[in-house]
Amino acid sequence: MPVEITWWGHATCTVRDSGVRVLTDPLFVRRFAHLRRRRGAVPPPEAAEADVVLVSHLHSDHLHLPSLARLAPGTRLVVPRGAPRAVPGLARLAAARGLVVTEVVPGEEVGVRAGVRVRAVSARHDGRRLPFGPRRVRALGYVVEGAARTYFAGDTGLFDTMAEETGPVDVALLPVGGWGPYLGPGHLDPEGAARALARLAPRAAVPVHYGTYWPIGMDAVRPHEFHAPGGEFARLAEVLAPETEVRVPAHGERVLLP
């Protein structure tokens, strides 16, 4: 059975598999902190409809409390272990909204329903809630296992055991950029993502985490880092992973993958 992916922008996607809606790193605002949404409409209310929500790490563009407040009461929220302790606002929000929070570490699985489960896997990224406090909470990726196996990498750099820890996957949602003119450590650029793709060898891939938010007042600073990563990833994937079908959706576009 095919899997349907909707890219809402940045790292926010809805993965629909076997009738189950899995939402990743929801970010539903036009502006936050020093960042402004420069491309794509703010996702509609339907984007917050999910059976399970996956949060990869604690950075505010991935664990965004006002966006999580749009979830329906009773929604299951899967987060890295220690997240509610490290971000007290998350614990308060979950209690107020009736969200069901499940904390996981790499290797742990969470059953959703209808034969769909989620497995946490490693990521290489500083996952703490910057700039507050010394406590570290591990960043994660996730594999959604249903009719297909879909890997959501979250934020990560390339690491030697990525394919081994992730296991065989059918679809890969890979970050290819960021929200500013320079990527720090623990990120994939288009070339790094294409190299990851060659190791993972899925049937299909979708680039994410680019072309959505940008620092206010910096529109003219290295604009290619905003616009180009998705297409550049697709071009490099043709060379490094030619057997993988790469789809580059527009914001809000749904793609059906085999």
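**A glycine in a loop, and some other spots**

Tutor: G98 is partly exposed, since its relative accessible area is 35%; buried means under 20%, exposed over 50%, and partly exposed in between, with a 1.4 Å probe and protein chains only. Before we go further, please keep in mind that this is a predicted model, in which local features need pLDDT of at least 70 and side-chain atom pairs count only at pLDDT 80 or more, while totals for chains, interfaces and linings use all residues. Residues are numbered from 1 along each chain as its sequence is written, and side-chain values use heavy atoms, with hydrogens and water left out.

Now to the loop itself. G98 sits between α3 (88–97) and β8 (100–104); helices (H or I, at least four residues) and strands (E, at least two) are DSSP runs, numbered from the N terminus. What does G98 touch, if residues up to four places away in sequence are not counted? The answer is P73, G74 and T75, where contact means heavy atoms within 4.5 Å. R76 belongs in this picture too: its C-alpha atom is 9.3 Å from that of G98, and the two residues are 22 apart along the chain.

H64 lies in the loop between β6 and α1 (65–68), and H64 is buried, at 7% relative accessible area. Its side chain makes a polar contact of 2.7 Å with the side chain of S67. A polar contact is a pair of N or O atoms within 3.5 Å; within protein, one must be able to donate a hydrogen and the other to accept it, and residues adjacent in sequence count only if both atoms are side-chain atoms. Setting aside neighbours within four places in sequence, H64 is in contact with P26, L27, V29 and F32.

Next come the charged pairs. The whole structure holds 19 salt bridges, each being a side-chain nitrogen of Lys or Arg within 4 Å of a carboxyl oxygen of Asp or Glu. One of them joins R21 to E49, with the closest N and O atoms 3.7 Å apart. This pair links distant parts of the chain, 28 residues apart: R21 is in strand β3 (residues 20–24), and E49 is in the loop between β5 and β6 (52–54). R21 is partly exposed at 22% relative accessibility, and E49 is partly exposed at 44%.

E109 and R117 form another salt bridge, at 3.0 Å from N to O. E109 has a relative accessible area of 41%, so it counts as partly exposed; R117, at 39%, is partly exposed as well. In a further salt bridge, R222 meets E225 at 2.8 Å, N to O. R222 is partly exposed at 30%, and E225 is partly exposed at 23%. Elsewhere, salt bridges that share partners tie E4, R16, E46 and R254 into one network.

Finally, the strands. Three of them make an open sheet in the order β4-β5-β15, with antiparallel pairing; two strands pair if DSSP finds at least two bridges between them. At the edges are β4 (31–32) and β15 (213–215), each of which pairs on one side only. Strand β5 (residues 35–37) runs antiparallel to β15, and three bridges join the two. For a place to start on screen, R37 has Y213 in β15 as its bridge partner.
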